[in-house]
Amino acid sequence: MTTLRIAVDTMGGDLGPRAVFHACEKALHIHPSLELLLFGTPDAEHYFKPSLAQHPRCQWFSAETEIAPSLKPTEVLRHRSSSMWLAVQALADGRAQACVSGGNTGALMVAGKRLLGMVPGIERPAICQQWPTRRGRTWVLDLGANLEVSPALLVQFARMGAVLAGSNSPRVALLNIGTEANKGGDLLSNAAAQLAQESAITYAGYVEASHLLDGDVDVVVTDGFTGNVALKASEGAAVFLVEQLRAAFTASWYGKLVGQLAKPVLLKWRKQFDPARYNGASFLGLARPLIKSHGSADSSAFLNAIDVAVQQAQQDLPGQLAVRFAADTIDANQQLHN
């Protein structure tokens, strides 16, 4: 059984390192071939459980500092003794096959680009995550890495998402304010025209935010600003719905009775749509798998981010992207000479 090493930045999450340690302990139990390299400040060691500290497949590396959520992304270059930088450095050095962090998103992207580099042919990384839908799951990108994009960049995102989707000629759509061809301005119309010419994907046109969860497409592409707004809005809606259901089922004896009767259905619904099950977003385009966990992730959610790192390392996703974009370069060169 081949050993797989994952570097984990234990700092930066809203719930502190304790939730991360708990997730790591579960991950080691689930994945017998997994080894974890944990990076954190000396303060975090107070939460380091003996069962984890003494685990033969877990190593602790002490960092001088952690990256604050308010730190400007480029400032991470001055914090090379931070837990985030050291974790990404372990991935860059080949001591790990993937890296997970719940810290500052912008700083993590800067560290990733500086230390890991890009897959040849890819201009910028995009944050990509699976979303639950009526028919399964859909990959959505970009979710915050690129606030300003070009048509060519959106096409690159679509190609990366298509590789992640894994199916033959996956259905790809652009997120827009309407499905009509005249909606969205020049950026989207130019991207749509280019995507319609792509041979390895099936361009499905525009999709509105209200239909993101229909599951009619495999990949949804957008700029980082719009994608992040859509992500936060959906997360807020999910939390609101759960809170309202909880209030309705506890407000009276009748509500409690109905709640008990509906409990099996609600548990099934929660299992299918619990945001924790979909935690773990990829920085697609980087030369090695770098996974961003949500800052507010609890131990269950962080465990899912580790699972995503394991899957992408085993699949060698950057290698798959390199093959796809090398083929695109060859095709483009052939067209130029024809």
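**Notes on the predicted model**

1. Aromatic pairs. Searching the whole structure, which is a predicted model, turns up four aromatic pairs. One of them joins phenylalanine 39 and phenylalanine 61: the ring centres are 5.0 Å apart and the planes meet at 15°, so this pair counts as stacked. The cut-off behind that label is an angle under 30 degrees between the planes. The two residues come from distant parts of the chain, 22 residues apart. Phenylalanine 39 belongs to strand β2 (residues 34-40), and phenylalanine 61 to strand β3 (residues 58-62).

2. Domain division. The protein has two assigned parts: domain 1 covers 1-121 + 285-337, and domain 2 covers 123-278. Domain 1 is thus written as two segments, as a consequence of the assignment used. Between the C-alpha centres of domain 1 and domain 2 the distance is 24 Å. Their contact involves 19 residues from domain 1 and 17 residues from domain 2.

3. Buried area. About 1400 Å² is buried between domain 1 and domain 2, and carbon and sulfur atoms account for 66% of it. On the domain 1 side, Met109, Arg324 and Phe325 contribute 33% of the area buried against domain 2, more than any other three residues.

4. How many salt bridges are counted between domain 1 and domain 2? The count is one. A salt bridge is formed by the side chains of glutamate 198 and arginine 324, with an N to O distance of 3.4 Å. For polar contacts, the rule gives two residue pairs across the interface of domain 1 and domain 2, both at pLDDT 80 or more.

5. Elements facing domain 2. At least two residues each of the domain 1 side that touches domain 2 come from α4 (105-116), α9 (299-315) and α10 (317-337). Of the elements on that side, α10 gives the most, with six residues. Sorted by class, the side of domain 1 that touches domain 2 holds seven nonpolar, eight polar and four charged residues.

6. A cis peptide bond. The bond running from leucine 141 to aspartate 142 is cis, and its omega is near 5°. Aspartate 142 sits in the loop between β6 (136-141) and α5 (151-165).

7. Serine 169 is placed in the loop between α5 and β7 (171-175).

Key:
Residues numbered from 1 in each chain as written. Predicted model: local features only at pLDDT ≥ 70, side-chain atom pairs only at ≥ 80, totals over all residues. Heavy atoms only, no water. Contact = heavy atoms within 4.5 Å. Buried area = accessible area lost by both parts, 1.4 Å probe. Salt bridge = Lys/Arg side-chain N within 4 Å of Asp/Glu carboxyl O. Polar contact = N/O pair within 3.5 Å; in protein donor to acceptor, adjacent residues only side chain to side chain. Helix = DSSP H or I, 4+ residues; strand = E, 2+ residues; numbered from the N terminus. Nonpolar A, V, L, I, M, F, W, Y, C, P; charged D, E, K, R; others polar. Phe/Tyr/Trp six-rings, centres within 6.5 Å; stacked < 30°, edge-to-face > 60°.
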